[in-house]
Amino acid sequence: MVALDMREASSAEEKEQLEFRDSRWVRANAGGIFLTDQKLGEIIWAGDILGTITDPITNNSTTVWSTEYGRILGMALPQVVLPGFALFHLGIKD
């Protein structure tokens, strides 16, 4: 409707829209309790820490790293996870 001059654009519509032509899943490589401080829609860089998985029996902690630059399109809530569990869906920015 903005393009047809039927109403004015709001500030939210004026923001740059990112386009993702590829995506990747970040999966758990260990089992345990998954915790994260990341939020949906956040921009992430390769090497950023996405969260941790802690084994409640041994107290060993595994860090979950981002391997790509992009945006978090989907993510698991903090919970008990098994190896191979999908933790983050990343939109890859070209």
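A search of the whole structure, a predicted model, finds two salt bridges. In one of them, Asp22 pairs with Arg24, and the closest N and O atoms are 2.6 Å apart. In the other, the side chain of Arg24 meets that of Glu68, at 3.8 Å from N to O. This second pair links distant parts of the chain. Arg24 sits in strand β1, which spans residues 22–27. Glu68 sits in the loop between β5 and β6 (70–75). The two residues are 44 residues apart. Because the salt bridges share partners, Asp22, Arg24 and Glu68 are joined into one network.

Asp22 has 34% relative accessibility, so it counts as partly exposed. Arg24 is likewise assigned as partly exposed, because its relative accessible area is 37%. Glu68 has a relative accessible area of 23% and is therefore partly exposed.

The overall fold is built from strands. The chain has eight strands and zero helices. Along the sequence, the pattern reads β-β-β-β-β-β-β-β. Of the 94 residues in the chain, 26% are buried.

Four of the strands form an open sheet. Their order is β5-β4-β2-β7, and the pairing is antiparallel. The edge strands are β5 (61–65) and β7 (79–81), each of which pairs on one side only. From one strand to the next, the twist averages 35 degrees. In general, the strands of a sheet pair through backbone hydrogen bonds, in either a parallel or an antiparallel arrangement.

Within this sheet, strand β4 covers residues 49–54 and pairs with β5 in the antiparallel sense. Five bridges connect β4 and β5. Thr52 has Thr63 of β5 as its bridge partner. Gly51 stands opposite Val64, also in β5. The hairpin of β4 and β5 has six residues between the strands. In that hairpin, Asn59 takes a positive phi near 65 degrees. β4 also pairs with β2, again in the antiparallel sense, over three bridges. Here the bridge partner of Ile33 is Thr54 in β4.

Asp55 lies in the loop between β4 and β5. At 24% relative accessibility, Asp55 is not under the 20% cut-off for burial, so it counts as partly exposed. Asp55 and Gly32 are 23 residues apart in sequence. In space, their C-alpha atoms are 4.3 Å apart.

Thr36 occupies the loop between β2 (32–35) and β3 (43–44). Its relative accessibility is 17%, so Thr36 counts as buried. The cut-off that decides this is 20%. The side chain of Thr36 makes two kinds of approach to the backbone, one to a nitrogen and one to an oxygen. The side chain reaches the backbone nitrogen of Gln38 at 3.1 Å. A polar atom of the Thr36 side chain also lies 2.4 Å from the backbone oxygen of Leu50.

A nonpolar patch was found on the surface. Ile33, Leu35 and Val80 make up this patch. Together they have about 270 Å² of accessible area. Val80 counts as exposed because its relative accessibility is 62%, and the cut-off for exposed is over 50%.

Technical notes. Residues numbered from 1 in each chain as written. Predicted model: local features only at pLDDT ≥ 70, side-chain atom pairs only at ≥ 80, totals over all residues. Heavy atoms only, no water. Pairing = 2+ DSSP bridges. Axes fitted to C-alpha atoms, helices over the stretch in contact; angles between N-to-C directions. Patch = residues over 30% accessible without salt bridge, like charges linked within 9 Å, V, L, I, M, F, W, Y side chains within 5 Å. Areas by Shrake-Rupley, 256 points an atom, 1.4 Å probe, with all protein chains shown as cover. Salt bridge = Lys/Arg side-chain N within 4 Å of Asp/Glu carboxyl O. Buried < 20%, exposed > 50% of the residue type's maximum accessible area, 1.4 Å probe, protein only. Polar contact = N/O pair within 3.5 Å; in protein donor to acceptor, adjacent residues only side chain to side chain.
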